[in-house]
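Look at the sequence and the model below.

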Amino acid sequence: LLNAAWAASIFLLEVPSGALADVIGRKRLLVFSAALMVMEMGVLLLAPRNGGWLLFSLCLLNRILSGASEAAASGADEAIAYDALPEENRQSAWDEVLATAMRWRSAGFLIAMVSGGLLYDPSWWNRIAPDALHVAMETARRLPVAVVFMQGLVCLTIALRFEETPRHADHVGGTCGAALKLTLQTARHAFATRTIAIVLTGGVLIDAVTRNFATLTSEYYRLIGVPGWAFGVIGSLIAVLNWFIPTIAARVNQRYSTNASLAIGGAVAAVALALLVPAWPWVGLLPAMFLMAVLGFVSFTVSRFLHGVATSEQRATLLSVKGLAFNLGYGLYSFAFSILLSGLGKHGGDAFQRGLLWQVGFFRSEE
């Protein structure tokens, strides 16, 4: 229920927030997003343990604020950065910016996987620290939340220091009605323009299947006999692998067309999906890691293309249309896959492994 509320918030606010960013200003949306991040973590930080309906209500508020925050930042962040680049050789400069950002994100993920686990479980600290410095388990449970709350404050401070790009500032000052009009115009333009529609559709099909597996990786790890303690280590290894993906994606996109690049990503995903089916103990980690890498590759490819075809006045809106399409595709596919698993489970055996086989057939038919 909580995740449904989170998804609904993103779905309802994704495109309107992108249009608002293009109409009232990207900086305002980013400051609003950062403020919501501080609020959502503050709610969790203050939530009472064993609080019953009060606890559930605060968690529900957290999910709504989180979805609204993500929707508000989506599109506005990339748009303000892209328009800040010099117009000369902007495409190649954006490739470098996007690749650098993705590498930093991978590094951040690696740090979060390690530090989050250490903060959440204080047993290692309590074994080496004096009794006076021991951390209670109840306190440790809130430490990761407290760290993210402080990150939110830093993010808000940085967002307040942003400056609206001069050439976009000339178009700022519209109304919510103008934002709605821009939303409809941009969505119509995106799916009525053959080149944009093909890239969006191809990206959605690859992303939906791949991201669905990404949410079920722990189930797959258990299927191939990986112990629970190793999940974090594997996540860290995937983060290290993703460090190199932006460089690979940039070179592929510079050499081939966007459609060809997506075809390459789809082919890699198809092979990885097929190699998941045998569920080889431990060896099955290799196709799973390659499949995770496809997510970053597709994100880079689609983002690069959309920035190249978007005008400054509609950039954040178009990126939000992309975000909405991707989330909708992922949600529908995840729902269909859950129904498939439910049906397979009625016939006995390992429904999840058989679901992986069906998934390969579905993905091949999409291609």
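Asp207 belongs to helix 11, which spans residues 194-214; helices are DSSP runs of H or I with at least four residues, strands are runs of E with at least two, and both are numbered from the N terminus. The model is predicted, so local features need pLDDT of at least 70 and side-chain atom pairs count only at pLDDT 80 or more, while totals for chains, interfaces and linings use all residues. Residues are numbered from 1 along each chain as its sequence is written, and side-chain values use heavy atoms, with hydrogens and water left out.

Asp207 counts as buried because its relative accessibility is 8%. Buried means under 20% relative accessible area, exposed over 50%, and partly exposed in between, with a 1.4 Å probe and protein chains only. Apart from neighbours within four places in sequence, Asp207 is in contact with Asn212, Leu295 and Phe326; contact means heavy atoms within 4.5 Å. Ala208 also lies in helix 11 and is buried, at 5% relative accessibility. Not counting residues up to four places away in sequence, Ala208 touches Gly329, Tyr330 and Tyr333. Ala208 and Leu332 are 124 residues apart in sequence, but their C-alpha atoms are 8.4 Å apart in space.

## Helix 13 and its buried residues

Helix 13 has 12 residues and reaches 17 Å from its first C-alpha to its last, close to the expected 16 Å. The expected span is 1.5 Å times one less than the number of residues. Phe231, Ile234, Gly235, Ser236, Ile238 and Ala239 are buried in helix 13. Its buried residues pack against helix 5, helix 12 (217-223) and helix 16 (285-309).

## Helix 13 against helix 5

Two packed helices are described by the angle between their axes and the distance between the axes. The axes of helix 5 (residues 90-120) and helix 13 (residues 231-242) come within 8 Å and cross at roughly 165°. Axes are lines fitted to C-alpha atoms, for helices over the stretch in contact, and angles run from 0 to 180 degrees between N-to-C directions. Helix 5 and helix 13 are therefore roughly antiparallel. Angles over 145 degrees count as roughly antiparallel, under 35 as roughly parallel, 65 to 115 as roughly perpendicular and the rest as oblique.

Ser106, Phe109, Leu110, Met113 and Val114 of helix 5 meet residues of helix 13 that include Phe231, Gly235 and Ala239. This contact of helix 5 with helix 13 has 7 nonpolar, 5 polar and no charged residues. Here Ala, Val, Leu, Ile, Met, Phe, Trp, Tyr, Cys and Pro count as nonpolar, Asp, Glu, Lys and Arg as charged, and the others, Gly among them, as polar.

## Helix 13 against helix 16

Helix 13 and helix 16 pack at an angle of about 50°, with their axes 10 Å apart. That angle makes helix 13 oblique to helix 16. Ile234, Leu237, Ile238, Leu241 and Asn242 in helix 13 meet Leu285, Met289, Met292 and Ala293 in helix 16. The contact of helix 13 with helix 16 has 8 nonpolar, 1 polar and no charged residues.

## The loop between helix 15 and helix 16

Most residues other than glycine have a negative phi. Ala279 has a positive phi, near 55°, and is found in the loop between helix 15 and helix 16. Trp282 is in the loop between helix 15 and helix 16, and its phi is also positive, near 65°. Buried or partly exposed: which is Ala279, and which is Trp282? Ala279 is buried, with a relative accessible area of 11%, whereas Trp282 is partly exposed, at 44%.
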